[in-house]
Amino acid sequence: MARLLSIGAGHVGLPLSLKFWSVGHHVDLVDIDAAKIDALSAGRMPFLEEGCAGVLSDAAHDPRFQPMTYADIRFAEAVAAADYIVMTLGTPLGGDYTFRFDQYFDVLVRIVPLLSRGVTLVVRSTVAPLFTRNVVTARIAAERDWIPGTDFFPTFCPERLMQGSALQDIDDLPEIIGADDEESARRAEALFLSLGDHKRCLRLTTVEAELGKLFLNTYRYTLFGLANEFALTAEQYGADIFNILTAANEAYPRGGIPRPGPSRGPCLGKDTAALAFSTPGGLIAHAALKTNENLVLHAATDLRAALGTFAHKRVAVLGLAFKADTDDVRDNLTHPLVNLLEREGATTVVYDPLVPGYDDSAVLASCDAIVLMTAHSVFRSWREEELLWLCARPRDEVFVFDLWNIWPWADRIFGKGTDDHYEDPGHGGERLAHARGDSAASV
Ligand SMILES: NC(=O)c1ccc[n+]([C@@H]2O[C@H](COP(=O)([O-])OP(=O)(O)OC[C@H]3O[C@@H](n4cnc5c(N)ncnc54)[C@H](O)[C@@H]3O)[C@@H](O)[C@H]2O)c1
């Protein structure tokens, strides 16, 4: 079994570290966040991730699992003794839509002088094309006067897990091994094959693997963008996108159009933006970004039409996490929606039972409208009466806008048009009543 140094105990690094520990490796786990390391040392998960809490509660008592910060005197020894260093640092976008590598630059300054000859490096974050070769490999080669593939073994092995099913995905998915020489590829493969006999590895160069990861996320995000565009088109014709998709996808091998809904998050939206803004030909990626992000503009426009005005209105947005049944609020579309509503005078409240600080349902009292942005299971289970009870208002005084098609009783469901959906956008109260089927109040 090998000795690993895992740098970054986030949504990618922590499940992977636990997985490596569970098959018998020694794992030193470093993170800059002392509160996170304290939680891990005490066996507490710092975020929700299916199955991780149980593994961590065992790992936390095992000397083969050592969470630490840089202040720990064991850090230098952990670098020097590592057979493998796996880096899963964050690579957020800057305001110019390009990746920021500050976390990597910080880590390289700390570890390069301490590396031992023979170490294998695995870059596991999502990065810009050529980052592994031109930054990580080149920097170590220059600073240590080492030859890649002989003195050290740099690789890029992208993470393709989905939050919420990280442990399962690490088990199930084949590993893409990006390496620019045979020995580096062989060593990275040996590490991932140690996760189980079922594991398969697929070889690429580092830049091919970097591009492959970006292509996959951009492809997926583009499909979601297309689904959202189809939803708007269906509405325009008074049609129901969900009926259309059910029929179109049914037993049709070339179908598979995804369902519409708000989509962004720290992977799909981020990686699509990074690709779009790093290639002059990225028009489709730009379009996918625009379609997905404009969803909040459409939602705000429809809501304004329903309420007449946002001035003096109290709007509750349900869901801050970017993805259902997670507590991860990074790059959500709730914040942009809230900004749009507030700049037109609405008072907004955000309720998300999974996100500490936003988990008080009392904020829903007296709201004029509810907008569902995240399809958490707990929201799916709500009945109309429960929502009204929380709002403490009669049904005809609360406009319910469901962007995920989980509440058949909502006043407005994104993707479900009515025959006259866009015919009378100026008459808020009448339109609201009409949407509910109140023929006396409809035009
Ligand atoms: N979250 C996903 O589902 C997912 C899936 C595939 C790929 N990715 C990619 O993987 C990478 C990591 O994503 P994530 O979701 O785990 O991010 P994250 O923000 O959850 O984790 C990053 C971790 O690095 C730590 N960190 C920051 N600076 C550090 C430093 N200088 N030294 C040590 N630790 C430091 C942070 O405290 C945090 O714990 C990103 O490039 C992301 O795009 C994420």
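1. Start with the helices around the ligand. In this predicted model, helix H5 (102-111) and helix H11 (265-276) each put at least two residues into the shell around the ligand. H5 gives the largest share of that shell, with 3 residues.

2. On who sits where: there are 27 residues around the ligand, and Asp31, Tyr70, Thr91, Asp106 and Lys270 come nearest. Sorted by class, the shell holds 9 nonpolar, 10 polar and 8 charged residues.

3. Some polar pairs to look at. Histidine 11 has a polar side-chain atom 2.8 Å from an oxygen atom of the ligand. With threonine 126 it's the backbone: a polar backbone atom there is 2.9 Å from an oxygen atom of the ligand. For glutamine 163, a polar side-chain atom lies 2.7 Å from a nitrogen atom of the ligand.

4. As for how covered the ligand is, taken alone it exposes 830 Å², and the protein buries 91% of that.

5. Now a helix pair. The axes of helix H6 (residues 131-144) and helix H9 (residues 206-236) come within 8 Å, crossing at roughly 125°. That angle is why H6 counts as oblique to H9: roughly perpendicular stops at 115 degrees and roughly antiparallel needs over 145.

6. Which residues make the contact between H6 and H9? From H6, they are Phe131, Thr132 and Arg133; from H9, Thr206, Val207 and Glu210. The residues of this contact split into 2 nonpolar, 2 polar and 2 charged.

Key: Residues are numbered from 1 along each chain as its sequence is written. This is a predicted model: local features need pLDDT of at least 70, side-chain atom pairs count only at pLDDT 80 or more; totals for chains, interfaces and linings use all residues. Side-chain values use heavy atoms; hydrogens and water are left out. Axes are lines fitted to C-alpha atoms, for helices over the stretch in contact, and angles run from 0 to 180 degrees between N-to-C directions. Helices (H or I, at least four residues) and strands (E, at least two) are DSSP runs, numbered from the N terminus. Angles under 35 degrees count as roughly parallel, over 145 as roughly antiparallel, 65 to 115 as roughly perpendicular and the rest as oblique. Contact means heavy atoms within 4.5 Å. Ala, Val, Leu, Ile, Met, Phe, Trp, Tyr, Cys and Pro count as nonpolar, Asp, Glu, Lys and Arg as charged, and the others, Gly among them, as polar. A residue is near a molecule or strand if one of its heavy atoms lies within 4 Å of it. A polar contact is a pair of N or O atoms within 3.5 Å; within protein, one must be able to donate a hydrogen and the other to accept it, and residues adjacent in sequence count only if both atoms are side-chain atoms. Accessible areas come from the Shrake-Rupley method with a 1.4 Å probe; for residues, only the protein chains shown count as cover.
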